[in-house]
Amino acid sequence: MLVKACAGLLASACALLLAGVAACAQDFPSKPVRLIVPFAAGGPVDVLARALGEGFKERTGHAFIIDNKPGGSTSIGATACKNAEADGHAFCLLTASTISLNPFLFANLSYDPQKDLEPLTNVVFTQQVMILHRSIVANTMRELVTYAKQNPDKLNFGSFGIGGDSHLVFEWLKAKTGAQMTHIPYGGAAPALLAFERGDAHLLYPVASPPVLERIKSGLAKAIAVPEAQQAPALAGVPSFSESGLPPYDAKTWFGAFAPAGTPKARVEELGRHLAAVVKSQPFQERFIKLGGYDAVGNTPEEFRRFLAEDRLRGQELVRTAGVKIAE
């Protein structure tokens, strides 16, 4: 009788325990989710993050708390993500620079992209364009290279920070053509675009956002080249680098979501599934993707992981060709 009673109590306890586990699983997220963004509030990546948050709330009923951690060529944000609690309630929105360029640029990084971060989904690819100020008497890439050789170091190219793709694409161009140009780093896309408007920076490689397209349309900026295989309708007719007589430039800039390493696989898959669904939803694409200069992706964690392995090789080659090293 006692054995039967004990067995009954044990079965009841197990049932309660399993029910508790199931309830915990069903309750995720059980609190607001923190999204770490490695850029200041108000910039294009911050806007992307907040748009994701709106879609996530509509889908799950839970909002993001946006935690801006700018600086250090995105390493401050990546390190904050690495150190966040790995329970699925914290993740980050990082860039190709964070994952595929910084490891080859910096002598000492505070994070290891392959060990410290868990891929969730690639959110978007960016549509980019090289623009030239209207004051420069060149209209094509060939004419630009000729001008830069005939007027050494009179052309200034702006970037959104040392070591990012907006910097390395011009170092790549210099290495491939012998063009001589001067680098001026700015603290982000907004100040770089203002410098371009003033004529302080003659060249930029920004995302083809509405403000950039408006400057092309007005004649302030000349669209010189786009990356290989880019099919942005607003830039139809702009030649690729290879069509301009240069080697192909196929490095892709993207923004992707990552969780801290150690986040349970179920949480990784669930977060990735929710985010991919938001990115692929028609309302999100209508409100943001088509207007922001992006191409939506929304792949699985495993698909994203495979892409990152290939992108890391592209980043390594770009840094090697550009010849940039940062001893920090």
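Buried means under 20% relative accessible area, exposed means over 50%, and partly exposed lies in between (1.4 Å probe, protein chains only). These legends show a predicted model, in which local features need pLDDT of at least 70, side-chain atom pairs count only at pLDDT 80 or more, and totals for chains, interfaces and linings use all residues. Residues are numbered from 1 along each chain as its sequence is written, and side-chain values use heavy atoms, with hydrogens and water left out.

**View 1**
D153 is partly exposed, with a relative accessible area of 44%. D153 sits in the loop between α6 (141-150) and β6 (155-159). Helices (H or I, at least four residues) and strands (E, at least two) are DSSP runs, numbered from the N terminus. Look for S73 in the loop between β2 (64-68) and α3 (75-83). S73 is partly exposed, at 32% relative accessibility.

**View 1. An open sheet of six strands shows mixed pairing.**
What is the strand order? It reads β2-β1-β3-β10-β4-β11. Two strands pair if DSSP finds at least two bridges between them. β2 and β11 (294-296) stand at the edges with a single partner strand each, so one side of each lacks a neighbour in the sheet. From one strand to the next, the twist averages 30°. Angles run from 0 to 180 degrees between N-to-C directions, and axes are lines fitted to C-alpha atoms, for helices over the stretch in contact. Inside the sheet, β3 (residues 90-95) and β10 (residues 254-260) pair in the antiparallel sense over four bridges. T95 stands opposite F255 in β10.

Contact means heavy atoms within 4.5 Å.

**View 2. Helix α10 crosses helix α11 (residues 282-292) at roughly 65°.**
The two axes come within 5 Å. Which residues meet here? V278, V279 and K280 in α10 meet Q282, F284 and Q285 in α11. By class, this contact has three nonpolar, two polar and one charged residues. Ala, Val, Leu, Ile, Met, Phe, Trp, Tyr, Cys and Pro count as nonpolar, Asp, Glu, Lys and Arg as charged, and the others, Gly among them, as polar.

**View 3. Strand β5 (residues 130-133) has buried side chains pointing both ways.**
M130 and L132 point one way, I131 and H133 the other, and all are buried. In a regular strand the side chains alternate between the two faces of the sheet. Four bridges join β5 to β9 (residues 221-225), and the two strands run antiparallel. M130 stands opposite A225 in β9. Two bridges join β5 to β8 (residues 203-204), again antiparallel. Here L132 has L203 as its bridge partner.

**View 4. The largest nonpolar core holds 35 residues.**
A nonpolar core is a set of buried Ala, Val, Leu, Ile, Met, Phe, Trp, Tyr and Cys residues joined through side-chain atoms within 4.5 Å. M130, M141, F170, L203 and F241 touch the most other members. At least two residues come from each of α4 (96-105), β5, α6, β6, α7 (165-177), β9 and α12 (301-322). Another core lies apart, with 29 residues, among them L48, L93, V123 and V278.

**View 5. Salt bridges number 13 in this model.**
A salt bridge is a side-chain nitrogen of Lys or Arg within 4 Å of a carboxyl oxygen of Asp or Glu. R34 bridges D67, with the closest N and O atoms 2.6 Å apart. R34 lies in β1 and D67 in β2, so the pair ties together parts 33 residues apart in sequence. Is D67 buried or exposed? D67 is buried, at 17% relative accessible area, while R34 is partly exposed, at 28%. E197 and R215 meet at 2.3 Å, N to O. E197 belongs to helix α8 (residues 189-198) and R215 to helix α9 (residues 210-218), 18 residues apart. R198 pairs with D200 at 2.7 Å between the closest N and O atoms. R198 is exposed, at 55% relative accessibility, and D200 is partly exposed, at 35%. E118, E302, R305 and R306 form a network of salt bridges.
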